[in-house]
Amino acid sequence: MKTLLKNVMRNGEKTSILIENGKFAAIAPELSAEGADIIDAGGKLAALPPFYNAHNHAAMTLLRGYAEDMELFDWLSNHIWPVEAKLSAEDIYIGTKLAAVEMIRSGTVYFNDSYWHPEAALRAVQETGMRATLGLLYLGNVSDDAKSANAALIEAAEGVDTVRVAHTPHAIYTVDKPMLQSIAKMMESDGRQVHIHVSETAKEVEDCLKEHGMTPVEYLDSLGLVNERAMLAHCVHLTGHDREIIAARGAYIAHNPVSNMKLCSGMFNFEAAKKAGCKIAIGTDGTSSNNNLSMIDEMKSAALTAKVTAAVPTAGKTADIFHAATVTGAEFAGMNSGAIAVGKAADMILVDLEHPVMSAGYDLIADMVYAADSSVINSVICNGKFLMRDRIIPNESDIIAEAREVCRKIASWR
């Protein structure tokens, strides 16, 4: 299957992009390709890298608006976890499909997920054509059901080139030291990544200092879990030493500005982490604490909170924010994607330059970070295939209808 895009805007100039066998095969002012599906953008569409969501709980689309205006631990313990315990694998599958539709519509092709029944999420990822890192879940005393789901994920994901499987212990306050040590040993043998909530709240840091005499980052580092395969979600409350450790180990930070503000966890210091040399990606978190999955919205919040936190308007530069939302997340995904370049996996968004907020055209990246919303996304390509073409996503209405039925069931549990 070959796709040839003609007269698409890239770096301010009209160009042609040939996609073949899931990769960018050629990029030049003029190209031809016999038998290709030819799309003439007429200079009205811009080609950009898509978004890579570094931290998500995708199926929480089913719980959007379920419990609002609460402190994190009350929200989790008394509202979210009890209802999640009742969700079936089929519910998770439907909720993840809904999340995929929402992410695709806003230009996202990949998400780093941590949620129940990950084997069900895998089905949704494959059907919708996205990329994902799906998590082997560890929370408290890992139940037989969770062990079974983890085993099912490993087996089902074997040979699926658009999906990676990572260890996803929830946090240091829900997973004990022996289990964390066990995960570190498993990482040595299986080469998997780790994805964990870290230093999300001041209370988490205070409790860790009392119990272990170390910050959460120092504690996890002492267990061998801070390395180049680690995605540390939130990292709101970091010390200078924490940042030094993260940078030295080559670990990634998943910055979730909207969730951090909504749950009043605090504001991540983007500029301090950047200056320390940390690799910063951007995530949306789940829709219960956001309440959407738009990386475009997240970029604007990331840029603005970076400025407020640093107290200088030059912090959170648009290029840095866009890089975090695209390239850095793609690097963690490890799928040879994140840039429009020959030989790279063909992941791309086509942006409508005729949209009112894109009309000035002075700085495309600045417009994407500060002005755009999901309505500027015309088409989304992942692994060389259209996930959305001319704003049409296959089976979108059916997916929404299925999710509504599950939400009605959840409402009846209250």
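**Labels and their grounds**

Modeller: N227 sits in the loop that joins α7 (216-222) to β11 (230-234). Keep in mind that this is a predicted model.

Colleague: Is N227 buried or exposed, and how do you know?

Modeller: The relative accessible area of N227 is 12%. Buried means under 20%, so N227 counts as buried.

Colleague: Which residues does N227 touch, not counting those up to four places away in sequence?

Modeller: N227 touches M187, R249, G250 and A251. What makes these contacts is heavy atoms within 4.5 Å.

Colleague: Why is D145 called exposed?

Modeller: D145 belongs to helix α4 (residues 144-157). Exposed means over 50% relative accessible area; D145 has 63% and therefore counts as exposed. As for its place in the chain, D145 is 141 residues from L4 in sequence, and their C-alpha atoms are 47 Å apart in space.

Colleague: Why are α12 and α13 called roughly perpendicular?

Modeller: Two packed helices are described by the angle between their axes and the distance between the axes. The axes of α12 (residues 318-333) and α13 (residues 364-371) cross at roughly 75 degrees and come within 9 Å. The label covers 65 to 115 degrees, and α12 and α13 are therefore roughly perpendicular to each other.

Colleague: Which residues make that contact between α12 and α13?

Modeller: From α12 the contact uses T318, I321 and F322, and from α13 it uses I365, A366, M368, V369 and Y370. By class, the residues of this contact are 7 nonpolar, 1 polar and no charged.

Colleague: Now the whole protein chain. How many helices and strands are there?

Modeller: The protein chain has 14 helices and 16 strands.

Colleague: What share of the 414 residues is buried?

Modeller: Buried residues are 57% of the 414. Of the contacts with a separation of 6 or more, 71% come from residues 24 or more positions apart. The chain exposes about 16300 Å², and 51% of that area is supplied by carbon and sulfur atoms.

Definitions and conventions. Residues numbered from 1 in each chain as written. Predicted model: local features only at pLDDT ≥ 70, side-chain atom pairs only at ≥ 80, totals over all residues. Heavy atoms only, no water. Axes fitted to C-alpha atoms, helices over the stretch in contact; angles between N-to-C directions. Helix = DSSP H or I, 4+ residues; strand = E, 2+ residues; numbered from the N terminus. Parallel < 35°, antiparallel > 145°, perpendicular 65-115°, else oblique. Nonpolar A, V, L, I, M, F, W, Y, C, P; charged D, E, K, R; others polar. Buried < 20%, exposed > 50% of the residue type's maximum accessible area, 1.4 Å probe, protein only. Areas by Shrake-Rupley, 256 points an atom, 1.4 Å probe, with all protein chains shown as cover.
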